[in-house]
Amino acid sequence: LPEESHRMLGELCARLTDERLLIGSAPIMAEVRSRVYSLAISLWELCSSGRDAGAQSRLVRRAAAMLRESADDLPDRDENIEEVARRLGYGKSRLYSLFTHEVGMAPNDYRQRVRIKRCCERLTGTSDSITAIGIDNGFHSSQYFSRVFKKYVGLTPTEYRALFRLQ
């Protein structure tokens, strides 16, 4: 595993021993959930980067790479899943089926998780506005960004930043 993944795993393990987790502390549970998501995305990226080429078919590795690149694009250049499938020479349903089977989630969910991970990194590592972070990562409004972020992380971007901000 890369050094960053080792670090994230260590932080997750430290949080799992926090007594507040056992009594159901919502902020601690949200932090653990966030760290699990970040670690899982890092591991999926590791597998799809070709270092573990036997784990996924060539189609799924290429689709994952395209979805990560698409997550980097500005919102107006965001490719939809049909376009990704077309560029790979497959139908949308075939791509969805293979991707979901091999990765464990639908392609659009994968791309959304990549975006959320990047947002988490910027929320804790920069003082950029929450709106700018959301827009830069393909969310069309701060309200939509906040709603999707809370769905995946369990906290709003503001709550997440306050909880995990690097001092």
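Predicted model: local features only at pLDDT ≥ 70, side-chain atom pairs only at ≥ 80, totals over all residues.
Residues are numbered from 1 along each chain as its sequence is written, and side-chain values use heavy atoms, with hydrogens and water left out.

**Entry: overall make-up**

I counted 10 helices and zero strands, taken as DSSP runs numbered from the N terminus (helices H or I, at least four residues; strands E, at least two). Of the 167 residues, 42% are buried (under 20% relative accessible area with a 1.4 Å probe, protein chains only; exposed is over 50%, partly exposed in between). I also looked up contacts (heavy atoms within 4.5 Å). Among those with a separation of 6 or more, 58% join residues 24 or more positions apart.

**Entry: largest pocket**

A pocket here is an open set of points on a 1 Å grid over the protein atoms alone where a 1.4 Å probe fits, with protein on both sides within 12 Å along at least five of seven lines; lining residues have an atom within 4 Å of a point. Points are joined across faces, edges and corners, and the volume is the space filled by probe spheres set on them.

I find 15 lining residues, with Arg 7, Glu 11, Arg 35, Thr 124 and Tyr 160 nearest the centre. Helices α1 (3–16), α3 (26–51), α7 (107–125) and α10 each supply at least two of the lining residues. I sorted the lining by class and got five nonpolar, three polar and seven charged (nonpolar: Ala, Val, Leu, Ile, Met, Phe, Trp, Tyr, Cys and Pro; charged: Asp, Glu, Lys and Arg; polar: the others, Gly among them).

**Entry: second largest pocket**

This pocket holds about 150 Å³. Its lining has 10 residues, and Asn 108, Arg 111, Gln 112, Arg 115 and Tyr 144 lie nearest the centre. Helix α7 gives the most to this lining, with four residues. By class I find three nonpolar, four polar and three charged residues.

**Entry: aromatic pairs**

I found five aromatic pairs (rings of Phe, Tyr and Trp, the last by its six-membered ring, with centres within 6.5 Å; planes under 30 degrees apart are stacked, over 60 edge-to-face, the rest tilted). Phe 145 and Phe 149 pair edge-to-face, at 5.7 Å centre to centre and 70° between the planes. Both sit in helix α9 (residues 142–153), four residues apart, about one turn of the helix. Phe 149 also meets Tyr 160: the centres are 5.5 Å apart and the planes at 75°, so I log this pair as edge-to-face. It links distant parts of the chain, with Phe 149 in α9 and Tyr 160 in α10 (residues 157–164), 11 residues apart. Phe 149 and Tyr 160 are buried. Ring pairs join Phe 139, Tyr 144, Phe 145, Phe 149 and Tyr 160 into a cluster.

**Entry: nonpolar cores**

A core is a set of buried Ala, Val, Leu, Ile, Met, Phe, Trp, Tyr and Cys residues joined through side-chain atoms within 4.5 Å. In the largest, of 19 residues, Val 84, Leu 95, Phe 99 and Tyr 110 touch the most other members. Elements giving two or more residues to this core are α4 (58–72), α5 (81–88), α6 (92–103) and α7. Helix α4 has the largest share, seven residues. Apart from this core I located another, of 15 residues, including Cys 119, Phe 139, Val 153 and Tyr 160.
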